[in-house]
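Please open the structure in your viewer and keep the selection tool at hand.

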Amino acid sequence: MGTVVDAPATTNASKDVSENHLGDKQVTVVFVLGGPGSGKGTQCANIVEHFGFTHLSAGDLLRAEIKSGSENGTMIQNMIKEGKIVPSEVTIKLLQRAMLESENNKFLIDGFPRNEENRAAFEEVTKIVPEFVLFFDCSEEEMEKRLLSRNQGREDDNIDTIRKRFKVFVESSLPVVEYYNSKSKVKKIDAGKPINEVFEDVKGIFSLFA
């Protein structure tokens, strides 16, 4: 996965962020991307604890909406059952609502945007530009080993399904990373290291929010 070059520091990040408003609320958004098994969930929890961010998972928000029994939730559930992809706008509205309802103004958005269409729609609908993208770079061999050994009862943790998930990540999500890298907005983490060492690197990136 080591295709992304570390981005140089950008001088106009503060300009972009100052324009990030949801209504009257100014927000800081960090996208968190990484392949399945890259450890981003564990590190998101650490960032929440140490740097006061709110962690928003697009998948969790969709599942919560389905569980709520709302009309929107029923529509989402039916689309998933039929094997259709939930439209970007639906996920984006859930993210917007979660950010507006939160008392916080610093957000980690985990596992989104999944593809270029998600990314373009998010920026178009919200007018929000991420402060940066935190990219957990990990070899497929290491991620495969982690997923097969974690044994958390996930039905999709078998070798064939895992490799399909890797393929989807490379084809769909890596172009998002490449796009933001071209804007000098990617902070790449070597996620193949032990958890504590990875978090030391994460802390270095998030120290400006301490």
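Begin by selecting strand β3 (residues 28-34) and strand β6 (residues 132-137), which run parallel and are joined by 5 bridges. Helices (H or I, at least four residues) and strands (E, at least two) are DSSP runs, numbered from the N terminus, and two strands pair if DSSP finds at least two bridges between them. Within this pair, select Val 30: its bridge partner in β6 is Phe 132. Strands of a sheet pair through backbone hydrogen bonds, either parallel or antiparallel.

Before continuing, note that this is a predicted model, in which local features need pLDDT of at least 70 and side-chain atom pairs count only at pLDDT 80 or more, while totals for chains, interfaces and linings use all residues. Residues are numbered from 1 along each chain as its sequence is written, and side-chain values use heavy atoms, with hydrogens and water left out.

**The whole sheet**

Now extend the selection to the open sheet, whose 5 strands follow the order β4-β5-β3-β6-β7 with parallel pairing. Its edge strands, β4 (54-57) and β7 (186-190), each pair on one side only. On average, neighbouring strands of this sheet are turned by 25 degrees against each other, direction ignored; the axes are lines fitted to C-alpha atoms, and angles run from 0 to 180 degrees between N-to-C directions.

**Confidence**

Colour the chain by pLDDT, the predictor's confidence in each residue, from 0 to 100. The mean for the protein chain is 86, and 87% of its residues reach 70 or more. Over residues 2-18, however, the pLDDT is below 50, and this stretch has 26 contacts in the model beyond near neighbours in sequence; contact means heavy atoms within 4.5 Å. Where pLDDT is low, the predicted coordinates should not be read in detail.

**Annotated positions**

Select Gly 37, in the loop between β3 and α2 (40-51). An unreviewed UniProt entry carries the annotation "binding site" for several residues, including Gly 37 and Thr 42; such annotations may be inferred rather than shown by experiment. Not counting residues up to four places away in sequence, Gly 37 touches Met 143, Arg 146 and Leu 147. Gly 37 counts as buried because its relative accessible area is 18%; buried means under 20%, exposed over 50%, and partly exposed in between, with a 1.4 Å probe and protein chains only. Thr 42, in helix α2, is partly exposed at 40%.

Next, select Asn 118 in helix α6 (residues 116-126), which the unreviewed UniProt entry also labels "binding site". Is Asn 118 buried or exposed? Asn 118 is buried, with a relative accessible area of 8%. Beyond residues up to four places away in sequence, Asn 118 touches Ser 88, Ile 92, Phe 112 and Pro 113. The side chains of Asn 118 and Ser 88 are joined by a polar contact of 2.8 Å, a polar contact being a pair of N or O atoms within 3.5 Å, of which one must be able to donate a hydrogen and the other to accept it.

**Backbone features**

Move to Phe 112 and Pro 113, which are joined by a cis peptide bond with omega of about 0 degrees. Pro 113 is in the loop between β5 (106-110) and α6. Most residues other than glycine have a negative phi, and most peptide bonds are trans.

Finally, select Lys 127, in the loop between α6 and β6. Although Lys 127 is not a glycine, it has a positive phi of about 65 degrees.
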